[in-house]
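Please look through the sequence and the 3D view below before reading on.

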Amino acid sequence: MKRLDRYMLKEMIGPMLVGTVIIALLFMANEFISIFKNFDVSNLPKLAVIQMVMFRMPHWLSMTLPAGTAIGVALAISRMARESEVTAMRAAGISLRRLLLPVVLMGSLAAVANYLIVEKLIPPAALKYRQVRNQASVLGPGPIFRSNVMLSLDGKSASFGSVQRTADGRILLNDILLIERPRAGESVVFSADEGSYDDGVWYFQSPLIRFFSGGELVSIKTEDVVTINERIRIADMFIAPMPEEETAADLKEAIQDRKRSHGDTTLLEVAYHVKFSLPFSCLVFALSSAIMALALVRSGPFVGLIVSMVLVMAYYNIHIVATEIVGRNGWLPPGPSAWLPNVIFAAVAAVVLWRIE
C-alpha cells in the first residue's frame with residue numbers, strides 16, 4: 001500500500017467511525033422512546049429495557065454504517081480539496097480514478113464489516129430481541145389476538161384457527177387440529193372446536209380422534225378432554241419470526257422449502273438479496289460521496305457533506321420503495337428490486353465522475 005493510500009485511509013476512518021457511532025446513538029434514543037411509548041415501563045425490569053436496546057443495536061449499526069461511510073469520505077475529500085491537496089495530487093499526474101482507489105478500499109472494508117454484522121450479529125441478536133420483547137409484552141400492552149397459528153406440541157403438528165390471550169394470561173384456542181404420526185403409515189388426527197393453554201398445560205375440549213392406517217380410516221372416538229404438558233413463551237404465538245433473524249443460508253433454505261410446497265417466496269427472496277445489497281451500499285456511498293465532494297468543493301466547505309447526507313436519506317427512501325412496494329408487489333423480480341437503489345446511485349456517481357474528469 002502506497003503512502004497516498006495510507007494517508008487518505010487515515011483521513012477517512014476517523015470521521016467514518018465517529019459518524020457511525022453518533023447516528024447509531026440517535027437510533028438508540030429512538031428505541032428508548034419506542035419502549036417507553038409502547039410499554040408500561042413501571043412493570044418492566046430495567047435489565048429488560050437495556051437488553052432490548054442492546055440487542056437492537058446491530059440492526060441500527062447495519063443501517064448507520066453506510067451513512068457513516070458517506071460522512072467520513074465526504075469530510076476527508078472535502079478537506080483535502082479545500083486545502084489544495086487534491087490539486088497537488090492532480091498536478092503530480094495522479095488521475096481521479098487513482099485518487100478514488102483508497103475510497104474504493106474504504107468502501108469495500110465497510111461493506112465487508114456491514115455484511116458480517118448482517119450475517120453474524122443481527123440474526124442471533126434479533127432473535128434475542130424478540131424473545132425479550134415478547135416476555136415484556138406479557139407485562140405491558142401487546143397483541144392479544146392472532147389467526148392461523150401453527151406449532152409443534154409433544155411430537156404433534158398443531159394448527160389453530162385463532163388464538164386469543166385473556167387479561168389473566170391464559171390462551172383461548174379455537175378450530176383446533178392436531179396431527180400425530182406414531183409409526184410409518186399411521187396417523188392420528190385430533191380435532192376440537194375449542195381449548196386453552198394455561199401455565200404450561202394445553203386443554204382440548206371434547207376432541208374427535210380419528211385413527212388412520214395406510215390412508216384408511218380405522219376408528220373414531222371422542223374424549224372429554226385431552227391435555228398436553230408443554231410450556232411455551234406465550235408471546236411467541238402472536239409474533240411470527242422475522243427474516244432478519246435468519247442468515248442468508250437459512251433464508252435460501254426457507255425459499256427452497258416454500259417453492260417445493262408451491263408457496264409464495266417473494267418476501268423471502270427480497271430479504272435474501274437485501275442481505276447482500278445493503279452491505280454493498282457502503283461502497284456505493286463511499287464513491288458517490290467522494291465524487292460529490294470533488295464536484296461541489298467550490299460551493300462551500302460543507303456542501304459536499306450535506307449533499308452526501310441528502311443522498312443517504314434519498315437512498316433509504318428508494319430502498320424502502322424498491323423492497324417494500326416494488327419487490328413486494330412483484331413489479332420487479334426480488335433480486336433487481338433489492339439492488340435497484342445501488343444501481344441508481346452507482347449510475348449517478350459514474351455520470352458525475354465523467355463530467356468532472
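## Overall form

The model shown here is predicted, and its chain contains 9 helices and 8 strands. Its radius of gyration is 27 Å, whereas a compact globule of 357 residues would have a value near 21 Å. Along the principal axes, the C-alpha trace spans about 90 × 50 × 35 Å.

Buried residues account for 44% of the 357 residues, and the accessible surface comes to about 18,800 Å², with 61% of that area belonging to carbon and sulfur atoms. When contacts between residues at least 6 apart in sequence are considered, 64% of them join residues at least 24 apart.

## A kinked helix

Helix H7, which covers residues 266-295, has a kink of about 35° centred on Val274. This helix is mostly covered, since 23 of its 30 residues are buried.

## Salt bridges

Side chains of opposite charge can pair when their charged atoms come close. In this model the count of salt bridges comes to 10. One of them is formed by the side chains of Glu244 and Arg56, at 3.2 Å from N to O. This pair links distant parts of the chain, because Glu244 lies in the loop between strand S8 and helix H6 while Arg56 lies in helix H2, 188 residues apart. Arg56 is buried, with a relative accessible area of 17%, whereas Glu244 is partly exposed at 25%.

His59 also lies in helix H2, which runs over residues 46-82. With a relative accessible area of 18%, His59 falls under the 20% cut-off and therefore counts as buried. Leaving aside residues up to four places away in sequence, His59 touches Ile122 and Glu244.

A further salt bridge joins Arg183 and Glu186, with 2.9 Å from N to O. Here Arg183 is exposed, with a relative accessible area of 55%, and Glu186 counts as partly exposed at 26%.

## A nonpolar patch

On the surface, Phe302, Ile306, Val310 and Met313 form a nonpolar patch, and together they have about 410 Å² of accessible area. One of these residues, Val310, has its place in helix H8, residues 303-327. Val310 is partly exposed, with a relative accessible area of 45%.

Note on methods
Residues numbered from 1 in each chain as written. Predicted model: local features only at pLDDT ≥ 70, side-chain atom pairs only at ≥ 80, totals over all residues. Heavy atoms only, no water. Helix = DSSP H or I, 4+ residues; strand = E, 2+ residues; numbered from the N terminus. Buried < 20%, exposed > 50% of the residue type's maximum accessible area, 1.4 Å probe, protein only. Contact = heavy atoms within 4.5 Å. Patch = residues over 30% accessible without salt bridge, like charges linked within 9 Å, V, L, I, M, F, W, Y side chains within 5 Å. Areas by Shrake-Rupley, 256 points an atom, 1.4 Å probe, with all protein chains shown as cover. Salt bridge = Lys/Arg side-chain N within 4 Å of Asp/Glu carboxyl O. Rg over C-alpha atoms; globule rule 2.2 N^0.38 Å. Bend = angle between axes of the 7 residues up to and from the residue.
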